[in-house]
Structure formats: structure tokens, C-alpha cells
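My notes follow in the order I made them.

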Amino acid sequence: MLVLSGIVIIVLGFALRIHPLLVVTAAAFASAAAAGHGPIAVIALIGKAFVDARFLAVAWLALPAIGLLERAGLREQARAVVQRLRRATAGRVLLGYFLLRQAAAALGLTALGGHVPMVRPIVAPMVEGAAERDAGAPLDDETRQRLRAHAAAVDNIALFFGEDVFIAIGSILLIRAILQQEGVTVVPLEVAMWAIPSALAALLIHGARLLRLDRTLPR
Amino acid sequence: MIGLDAIGIAAATLPAAVALHHACDIRSPRRLRNAGFWGAFATTLGAGPWLPDLVNGCLVLAMVALATLGLKPAPVTTTDDATRATLARRWGARLFLPALALPLVTLGGTLALPQGRLAGIALVDPRQVTLAALAAGAAVALVLALLLTRPPRGTTVGEARRLVDGIGWPMVLPQMLAALGGIFALAGVGKVVAGGVLGLVAVDTPFVATLVYCLGMALFTIVMGNAFAAFPIMTLGIGVPILIHQLHGDPAAVAALGMLSGFCGTLLTPMAANFNIVPVAALELRDRFAVIRVQAPTALLLLVFNIAALTLLAFPGSPK
């Protein structure tokens with residue numbers, strides 16, 4: 001049971017708003033110590049696992065190009081484009097991005113999107129621009145923050161509930177491999193078919209929330 | 001052949017350039033703290049595979065210490081709002097081209113080199129094609145952005161630093177959480193939790209079994225931050241022996257809806273830093289849980305949907 005001390009530290013640490021990097025490090029030491037690893041061994045384990053996960057850092061390589069484009073007015077341009085489309089409300093822009101992201105992910109095109117390359121420089125300014133035009137005034141800070149959070153959420157939800165419809169995505173390959181270990185054989189296409197109802201439910205539920213969002217915005 | 005080591009070196013160029021920019025910023029009082037943080041990050045990414053594990057671990061601990069002290073980087077000069085509006089009118093829709101080149105090159109590279117072979121020559125490790133294509137896409141986007149906007153010399157690193165500083169330490173959090181997941185797995189956290197869940201309730205009807213399996217997937221993912229870590233434990237603990245073998249559930253349905261229940265958990269947890277914490281930093285949100293708060297209603301409704309769909313559709317002919 002002591003190995004669960006890591007989970008307790010994570011929950012308490014996040015709840016008490018202690019620095020997340022410190023919380024994660026403390027949780028790693030606690031769980032590893034409970035499993036009988038000394039501090040030197042834990043430092044080496046953390047170092048090895050951190051380096052093994054370095055593929056996660058490749059996505060940051062988009063930052064220099066995005067920085068240059070932002071400097072040259074990319075966000076202002078995204079805002080201007082959407083402000084010319086009178087019927088494009090904030091909720092509809094978000095729904096449009098949801099459809100695009102989910103359809104692309106269902107075709108296996110998960111690279112089309114992302115918080116740094118797409119949401120920050122293009123989607124969020126479009127949503128804010130649409131809301132600003134409909135309000136006829138600059139947005140208050142609270143509304144701006146809420147719209148940005150919605151833009152990030154759309155990127156996540158559309159990705160998660162789109163990608164499993166594609167037969168060669170990592171999660172379906174994992175499903176097949178794990179079941180195979182137990183002598184259960186599944187066809188990837190069947191697993192993908194079972195992801196379709198949830199994909200449609202995600203579109204309906206979140207789409208309805210996005211359209212309702214428009215009614216809460218100033219105009 | 002281009003493998004993970006080469007891709008790591010490519011990824012290291014960004015924090016290395018940012019570290020140098022900080023080190024040369026002699027007006028900033030915290031330039032060494034920032035240079036140290038990004039320098040340590042660059043070292044683990046680029047040189048990590050050739051360094052002893054203990055050295056990498058110490059570099060990680062140094063990053064944790066510097067971030068806890070507070071990086072508080074000095075601001076970088078960039079264009080003001082009025083200039084940006086003028087520039088946006090000058091470049092117009094052409095500004096979207098480099099931004100769209102990134103995903104397009106990534107997709108094109110992934111589709112053109114499915115086995116990592118070009119004209120019969122093994123160019124890229126087949127397991128790393130997508131990452132290599134992503135790095136290539138970033139390079140193409142950067143070149144296009146430079147050709148289009150023709151910024152003054154030195155602007156590129158300054159702009160990169162502006163965004164890197166804006167996001168800050170959450171950039172290393174996904175890798176820290178991956179390391180923590182590895183340690184949890186090593187310490188057997190999963191087995192303890194799965195054993196606890198099974199000891200609590202009798203899972204002998206499709207509804208109860210589905211409920212335990214899907215909620216377990218979601219809760220486990222909330223703890224581990226990753227549905228892929230939760231899936232083997234819950235599926236081998238409950239999914240296969242009870243839902244598939246004992247209750248004759250459709251294996252494809254059980255696995256698919258179990259995984260999607262895990263994704264509901266991903267939408268609810270700060271442990272999934274890549275999806276829920278990094279955008280908070282990238283979009284300059286004040287509330288650390290802002291994205292999770294927006295996602296929660298949809299995630300919970302979808303979890304209910306998954307449980308209902310699995311119970312009603314995957315067990316033909318058995319009593320509910």
C-alpha cells in the first residue's frame with residue numbers, strides 16, 4: 001500500500017498548488033522508495049526515463065516559426081479574416097474547428113492541429129475576434145480567458161474522439177497487442193467501428209455546448 | 001539512419017539557442033538561472049543518451065530546483081500591436097502559408113516514407129518517421145517564415161525565446177510525468193489499485209462489470225495521466241477475464257469503449273500535462289485548471305455514454 005504514497009503526494013500537491021515539478025519529483029521519490037529503491041537509484045531512474053521520453057520535446061520545434069509569424073501579425077490577420085465573416089460567431093468558429101480536427105484525426109491526420117501551432121496563433125484569435133465583433137467592444141478579461149480555454153478544449157476533445165476511428169492509430173495497435181497476449185484476437189476495423197458512436201456523441205454533446213456558448217457572450 | 005538520437009539532437013537546438021540568448025542578455029538579473037534551466041534541458045535532449053543515467057537525473061533535479069526558485073525571465077522586445085496590425089495588412093493571408101506548411105510537411109513526410117525508406121535507401125528509423133517528419137515540417141515552416149517576413153538579424157532566436165519564456169517550465173512537465181509513470185509502473189502502483197477495485201464490489205452482471213471497468217479506466221487515467229498506461233492494467237485485470245470471458249462481451253467493443261473511457265479521464269487530469277497544462281501556459285491563462293474546467297461536462301457525459309453503450313450493445317442475449 002505504501003507505493004500509493006506517490007498518488008497521495010500528487011493529489012495533495014496539486015490541491016495545495018505547490019510547484020508541479022516539485023510535486024512530481026517528490027511523488028517519484030516516495031513511490032520508488034516504497035518499492036525499495038534508494039535515492040541515488042531514483043535519481044538515475046528519473047534521468048533515464050526523462051531522456052527516454054525526449055521525443056515529446058520535438059513538438060516545441062514549431063515555436064521559432066510561430067514566433068516570427070506572430071511578430072509579423074499572424075494573430076491579427078486571423079482575427080481580421082474571421083471578422084469579415086458576419087455569420088461566424090465564436091461558438092460556430094469553435095464548432096468549425098472541432099469538425100475539421102475530428103475529421104482529420106479520423107483519417108489518421110492527427111498532426112493537423114495542436115495548441116502551439118494552431119490554437120494559439122490562429123484558432124484563439126479567430127474566436128476572440130468573432131466575439132469582439134459581435135460584442136461591438138473589446139472583450140473583458142474573464143470572457144477572453146474563457147474563450148481561450150474553450151479553444152484548447154476543442155483541440156483535445158476533437159482529437160481524442162476522432163483518432164480512434166482510424167485503424168492504424170497507436171491506441172488501436174495497443175488494444176490489439178494487449179488482447180493478443182491473452183489469446184483474444186480483434187480486427188482493427190471492428191475496434192475502429194466501435195469508436196464511431198462515441199465520436200458522434202462527442203460531436204453532438206460538445207457541439208451543443210459550443211452553440212450555447214454564443215448565448216452567454218455579450219452582444 | 002535518422003533515429004531517436006538524431007531527433008533528440010534536433011529538439012535540443014531550440015532550448016540550446018534560448019539558453020545562449022539568455023546567457024548573452026547581460027541586462028537581465030536572472031539570466032544565469034534561465035540559461036541554466038534551458039541549457040540543462042538541451043543537454044538531456046541532445047546528449048542524454050550518451051550521459052550516465054545519474055548525470056541526466058541530476059540535470060533534471062537541477063531544472064526542478066531552478067523552476068521552483070522561479071525563472072521570472074526578462075521580457076524580449078518584439079513588435080507592438082500597431083506594428084503588427086500594419087504588418088498583417090501588408091502580408092495578408094500569406095502569413096498562413098508557413099503555419100500550414102508545418103502540418104502539411106509532417107503529413108506528407110509520414111505518407112511518403114511509410115517504412116522510412118527513400119528510393120530503396122533506409123533513411124529514417126521506421127518507428128520514428130512521424131517525429132522526423134514533424135522536425136522537418138518545423139524546419140520548412142521556419143524557412144518559409146524567414147523568406148516571407150524577412151526579419152532583422154537575430155530576431156528568430158529572440159522570438160523563439162519570447163514563446164519559450166511565455167510557456168516556461170511546463171515545457172519539461174510532460175517528460176517529468178512520463179518519468180513518473182515509469183516509476184509508478186516499476187513500483188506496481190497499477191496492480192495495487194486494480195486489486196483494490198476488484199476487492200470492493202462483486203462484478204457479476206454486465207452493468208456492474210462495465211461500470212467498474214469504464215470508471216476504473218477513467219480514474220486510473222486521471223492518476224497516471226495517460227490512458228495507455230491504464231489500459232493494460234484494467235483490461236488484463238477486469239476486461240478480459242470478466243467482461244470478455246465470463247460475460248461473453250464483444251472483445252472489440254470492450255476494448256474500444258474502455259480506451260475511450262480512459263480518454264474521458266485524460267480530459268479531467270492535470271497529469272496529462274501536454275493536453276491540459278501546456279495550453280494554459282501557451283494561451284496565457286491564469287487558472288491552472290481552466291482547460292479542465294471547460295472539458296469536464298463533456299468528459300463526464302461521454303463517460304456515461306460509453307458505459308451505456310457498452311452495457312446495452314456489447315452483451316447480446318444476456319440479462320442486464
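I started with a term I needed: a polar contact is a pair of N or O atoms within 3.5 Å, and within protein one must be able to donate a hydrogen and the other to accept it. I also noted that this is a predicted model.

**Entry 1: the contact between the chains**

I looked up how many residue pairs are in polar contact between chain B and chain A. The count is 21, with both residues at pLDDT 80 or more. I then checked the classes on the side of chain B that touches chain A: 94 residues are nonpolar, 24 are polar and 11 are charged.

Next I looked up salt bridges. There are four between chain B and chain A. One of them I noted by name: Arg54(A) and Asp5(B) join through their side chains, with N to O at 2.5 Å.

How many residues does each chain bring to the contact? Chain B gives 129 residues and chain A gives 105 residues. I wrote down a reminder that the size of an interface is often given as the accessible area lost when the parts come together. Here the two chains bury about 10600 Å² between them. Carbon and sulfur atoms make up 79% of that area.

**Entry 2: confidence**

I checked what the predictor says of its own model. For the complex, ipTM is 0.89 and pTM is 0.88. Chain B has a mean pLDDT of 88. In that chain, 98% of the residues reach 70 or more.

**Entry 3: chain B as a whole**

I counted the secondary structure of chain B and found 15 helices and two strands. Its C-alpha trace spans about 70 × 45 × 45 Å along the principal axes. The chain has 320 residues, and 54% of them count as buried. I also looked at contacts in chain B with a separation of 6 or more; 71% of these join residues 24 or more positions apart.

**Entry 4: Asn276(B)**

I went to helix H13 of chain B, residues 273-276, where Asn276(B) sits. Is Asn276(B) buried or exposed? Asn276(B) counts as buried because its relative accessible area is 0%, and the cut-off is under 20%. A polar atom of its side chain lies 2.8 Å from the backbone oxygen of Thr269(B). Beyond four places in sequence, its contacts include Asn156(A) from the other chain, and Arg288(B) and Gln295(B) from its own.

**Entry 5: Thr149(B)**

I moved to helix H6 of chain B, residues 129-149, which holds Thr149(B). Its relative accessible area is 8%, so Thr149(B) is buried. The side chain of Thr149(B) reaches the backbone oxygen of Ala145(B) at 2.9 Å. Leaving aside neighbours within four places, I listed its contacts as Ala72(A), Trp91(B) and Leu95(B).

**Entry 6: Ser5(A)**

My last stop was Ser5(A), in helix H1 of chain A, residues 5-15. Why does Ser5(A) count as partly exposed? Its relative accessible area is 22%, and partly exposed runs from the 20% cut-off for buried to the 50% cut-off for exposed. Past its neighbours within four places, Ser5(A) is in contact with Ala30(A) and Ser31(A). I also checked Arg79(A), 74 residues away along the chain; its C-alpha is 48 Å from that of Ser5(A).

Methods
Residues are numbered from 1 along each chain as its sequence is written. Chains are lettered from A and ligands numbered from 1 in the order in which they are written. Side-chain values use heavy atoms; hydrogens and water are left out. Contact means heavy atoms within 4.5 Å. Buried area is the accessible area (1.4 Å probe) that two parts lose on being put together, summed over both. Ala, Val, Leu, Ile, Met, Phe, Trp, Tyr, Cys and Pro count as nonpolar, Asp, Glu, Lys and Arg as charged, and the others, Gly among them, as polar. pLDDT is the predictor's confidence in each residue, from 0 to 100. Helices (H or I, at least four residues) and strands (E, at least two) are DSSP runs, numbered from the N terminus. Buried means under 20% relative accessible area, exposed over 50%, partly exposed in between (1.4 Å probe, protein chains only).
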